[in-house]
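Open your viewer and keep the selection tool handy.

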Amino acid sequence: MLTAALVTQAVAGDVPDFGPHVHILDPAAPGLQQRIDDIYAAQQPNHFGPRRDAILLKPGTYENLRIPVGFYTQVLGLGAHPDDVHVIGDLRSTAFLDNDNATQNFWRGAENFSVTPTLGIGDNTMQWAVSQAIPFRRMHVRGNIRLNQRNGWASGGWFSDVLVDGRVDSATQQQWISRNSRWGSWTGSNWNMVFVGVQGAPEGEFPTPGMRYTRVEKTPLVREKPYLFIGANGRYAVRVPALRRDSAGISWAKGAMAPGRTLPIGQFHIARPGDTAAALNAQLAAGRHLLFTPGEYLLTETLEVNRAGTVVLGIGFPTLRSDNGQPLLRTADVSGLTISGLFLDAGQADSGVLMEVAPQGAKQRHRADPIVLHDLFFRVGGAATGQVTTALRINAHDTLVDHTWIWRADHGAGVGWTSNPAAHGLWVNGEDVTIYGLFVEHFQKAQVVWQGNGGRVYFYQSELPYDPPTQSAWRSATGRGHVAYQVADSVTRHEAWGLGVYSVFLKPDVVLDRAIEAPPRPGVRFHHMITVCLVDKGGIERIVNDAGEPARCKGGSNTATLKAYP
């Protein structure tokens with residue numbers, strides 16, 4: 001933890017030019033509340049707009065400060081330890097839709113600071129009413145936290161490396177994943193709650209109503225997300241944590257800085273909107289890391305990340321887009337890459353894939369130093385017309401994915417069965433790929449296709465496409481509809497924990513025969529699965545292959561569960 005003397009030195013250091021939408025705040029600066037309120041006024045209604053913002057909090061204590069967080073806004077502490085930045089007041093996500101409905105509260109986050117919610121919703125409680133693409137990392141809540149607003153719905157979220165001194169109330173949250181966290185108590189369960197390496201996970205066992213909990217005692221392998229901070233020398237740097245094996249609880253307990261490496265900001269090219277792909281690739285080729293600042297980046301060439309150990313870090317949801325049919329980002333088959341905090345938007349022309357991790361046919365093993373992806377969010381349609389065949393393809397062996405939402409838009413601009421066509425969200429060819437927090441929704445064919453051996457998934461959430469116009473327009477080789485999760489017949493080892501698949505068909509007489517398809521062999525195993533039919537049309541007939549009961553909105557239960565397969 002920084003001492004008072006070091007904090008004084010840190011806040012006096014040189015400040016890189018992060019551009020106009022990185023807002024660096026100091027506890028002693030006048031007008032802090034107004035600056036934050038102005039950002040929120042612009043961003044809370046900005047569902048599909050172009051603005052992006054990062055609020056950076058210098059070390060110190062912020063008294064009576066309220067931080068509401070809207071769309072495309074990320075609040076980041078600049079301490080070496082979360083308790084170096086202390087907000088006494090409130091941090092809040094407010095439901096975007098009427099009736100306290102937070103099911104469209106996307107694309108916002110908070111990382112690396114502590115909050116005492118004296119100005120929260122009462123009982124020393126902060127409200128974090130959120131759904132998909134909401135990174136909440138390296139946070140210390142010195143009180144309680146509630147994950148919805150009043151009695152309104154919320155639709156899923158993410159904790160990692162989080163300490164809550166008091167109670168977590170998940171309330172109406174439909175699903176949630178928590179990794180490597182700790183709290184006093186947890187209350188609430190709906191469909192699919194997953195706890196991996198969590199201290200204080202609730203008692204109870206899936207599929208008991210009110211106790212639909214999936215607990216995995218230890219996280220087998222993970223590297224926490226890099227973070228920007230001000231070092232003891234007063235200069236900005238990026239900390240890249242080391243791999244953790246068989247871990248539980250937070251990485252920063254007892255005031256320690258977790259093992260890892262520190263990269264001075266001078267080793268980074270600070271990317272700003274208007275930078276061309278050619279210029280960014282030249283920086284990468286010269287051995288620089290990349291730090292993307294908030295904004296939209298229209299790329300006419302593919303970003304090529306080829307040097308082992310390269311860090312690509314985005315703050316404030318920087319958004320990459322290509323309209324000329326070029327993939328947005330590709331990596332070489334090299335070890336130690338870290339790609340974090342990027343938003344990848346499909347363009348008007350199909351690029352085949354938005355992001356590809358190593359070329360197809362990749363052979364190298366990366367067990368000792370894997371490629372790690374954190375908080376990568378993909379969108380097809382919604383802000384504008386877009387299309388792609390596959391959003392994310394992973395060819396590299398041993399890759400780790402730590403939170404991703406891959407979304408074919410179901411609302412917004414350019415949305416329709418033929419307007420934003422997209423076949424697959426995720427395609428995995430690499431062996432021993434591990435994913436924590438996999439959200440994939442609305443793709444028109446198999447949402448996830450897994451062809452590599454040894455895959456592990458901890459938490460899966462998938463809504464099927466809302467918009468198949470007819471059953472005949474939505475059929476696969478194995479029956480009615482396309483599955484949400486497909487493991488290839490050639491796979492002999494695969495395991496997944498906590499899977500939820502939901503149907504919201506808008507046309508009558510559309511059903512899915514099975515949510516998951518996988519070869520029936522002992523090495524391919526699933527734990528704790530749920531299917532739910534959410535509107536009065538159609539449903540899901542089986543959970544895995546021919547196992548599990550139907551989830552029908554008419555003529556039976558709208559919810560079905562299966563504890564294990566096989």
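In which strand is the place of D53? Select residues 53-57: this is β2, and D53 belongs to it; strands here are DSSP runs of E with at least two residues, numbered, like the helices (H or I, at least four residues), from the N terminus. Before moving on, note that this is a predicted model, where local features need pLDDT of at least 70, side-chain atom pairs count only at pLDDT 80 or more, and totals for chains, interfaces and linings use all residues. Residues are numbered from 1 along each chain as its sequence is written, and side-chain values use heavy atoms, leaving out hydrogens and water.

**Around D53**

D53 counts as buried because its relative accessibility is 0%; buried means under 20% relative accessible area, exposed over 50%, and partly exposed in between, with a 1.4 Å probe and protein chains only. Now show its contacts (heavy atoms within 4.5 Å). Leaving aside residues up to four places away in sequence, D53 touches H21, H23, I39, Q43, Y72, T73, Q74, P294 and G316.

**The largest cavity**

Keep Q74 selected, as it also lines the largest cavity. A cavity is a set of points on a 1 Å grid over the protein atoms alone where a 1.4 Å probe fits but cannot get out, and lining residues have an atom within 4 Å of a point. Grid points are joined across faces, edges and corners, and a volume is the space filled by probe spheres set on the points. The structure holds 4 cavities of 30 Å³ or more, and the largest has a volume of about 90 Å³.

**Along β19 to its sheet**

Next, select β19 (227-230). It belongs to an open, antiparallel sheet of 3 strands in the order β19-β20-β22; two strands pair if DSSP finds at least two bridges between them. β19 and β22 (260-264) are the edges: each has a single partner strand, so one side of each lacks a neighbour in the sheet. Between β20 (residues 236-241) and β22 there are 5 bridges, and A237 stands opposite P264 in β22.

**Last stop: D161**

Finally, pick D161 in the loop between β12 (158-160) and β13 (163-169). D161 counts as buried, at 1% relative accessibility. Its contacts beyond four places in sequence include R137, R138, R179, E224, R244 and W252.

Methods:
On a 1 Å grid over the protein atoms alone, a cavity is a set of points where a 1.4 Å probe fits but cannot get out, and a pocket is an open set with protein on both sides within 12 Å along at least five of seven lines; lining residues have an atom within 4 Å of a point.
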